[in-house]
Structure formats: C-alpha cells, structure tokens
Amino acid sequence: MTISEQIKVLCVRSNISVSELARRLGTTPQNLASKMKWESFTVHDLEYMAEAVGCSFERHFVLPNGEKV
C-alpha cells in the first residue's frame, strides 16, 4: 500500500475528508493532492498528519530477525 493510500485510509478511519486533513495541516486541498500524487512526503509531514488527526506515526526498519531499527 502506498503512503497516499494509507493517508486515504487514515482519513476514512478518522472520519474526515482529505480536504479537511489539508485544512488541519494549514495547506490547500490542491497542494495535498499534489503531494499525494507524487508521494512527496517527509517523515516530518507524516508525523504532523498523525498529530492533526490525533494518532501517532511510527517509523522503523525491521530486520529479518524481527529487530526494529
């Protein structure tokens, strides 16, 4: 699943539209749609989105032995 698809799922599960997410992020729906089209999100962007909808964002690599880095 792409990050844009995950963001859409986040919006559905948070009961908000993508436009509402854009508003909460202080940007336009067009700008957010463009970022989603090009998958151009930084880790900071994703953390900020999570904060905007009241959830957390975790990032890590998982090694073959299950260890998270």
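User: Before looking at single residues, which relative accessible areas count as buried, exposed and partly exposed?

Analyst: Buried means under 20% relative accessible area, exposed means over 50%, and partly exposed lies in between. Keep in mind that this is a predicted model. Take L10. Its relative accessibility is 23%, so L10 counts as partly exposed.

User: Where does L10 lie, and which residues is L10 in contact with beyond its neighbours within four places in sequence?

Analyst: L10 lies in helix α1, residues 3-13. Setting those neighbours aside, L10 is in contact with V53 and C55. Sequence and space can also be set side by side for a pair. L10 and T42 are 32 residues apart along the chain, and their C-alpha atoms are separated by 17 Å.

User: How many helices and strands are there in the protein?

Analyst: Four helices and zero strands. Read from the N terminus, the order is α-α-α-α. For overall extent, take the principal axes: the C-alpha atoms fill a box of roughly 40 × 25 × 20 Å.

User: What share of the residues in the protein is buried?

Analyst: Of the 69 residues, 22% are buried. The protein exposes about 5100 Å², and carbon and sulfur atoms supply 54% of that area.

User: Among contacts between residues at least 6 apart in sequence, what share joins residues at least 24 apart?

Analyst: The share is 41%.

User: Now the segment after α4. Is V69 buried or exposed?

Analyst: V69 lies in that segment, after α4 (43-53). The cut-off for exposed is over 50%. V69 has 58% relative accessibility, so V69 counts as exposed.

User: Which residues form a nonpolar patch on the surface?

Analyst: F61, L63 and V69 form one. Together they have about 330 Å² of accessible area.

User: Why does E67 count as partly exposed?

Analyst: E67 is also found in the segment after α4. Its relative accessible area is 43%, so E67 is partly exposed. Leaving out residues up to four places away in sequence, E67 touches F61 and V62. F61 is also one of the patch residues. Against I7, E67 is 60 residues away in sequence and 26 Å away in space, C-alpha to C-alpha.

User: Last, charge. How far apart are the mean positions of the positive and negative charges?

Analyst: Compare the two mean positions. The protein has 8 positive and 8 negative charges, and their mean positions are 6 Å apart.

Definitions and conventions
Residues are numbered from 1 along each chain as its sequence is written. This is a predicted model: local features need pLDDT of at least 70, side-chain atom pairs count only at pLDDT 80 or more; totals for chains, interfaces and linings use all residues. Side-chain values use heavy atoms; hydrogens and water are left out. Helices (H or I, at least four residues) and strands (E, at least two) are DSSP runs, numbered from the N terminus. Buried means under 20% relative accessible area, exposed over 50%, partly exposed in between (1.4 Å probe, protein chains only). Contact means heavy atoms within 4.5 Å. Patches are made of residues with over 30% relative accessible area and no salt bridge: like charges are joined within 9 Å, nonpolar side chains (Val, Leu, Ile, Met, Phe, Trp, Tyr) within 5 Å. Accessible areas come from the Shrake-Rupley method with a 1.4 Å probe; for residues, only the protein chains shown count as cover. A salt bridge is a side-chain nitrogen of Lys or Arg within 4 Å of a carboxyl oxygen of Asp or Glu. Lys and Arg count as positive and Asp and Glu as negative; His and the chain ends are not counted. The place of a charge is taken as NZ of Lys, CZ of Arg, CG of Asp or CD of Glu.
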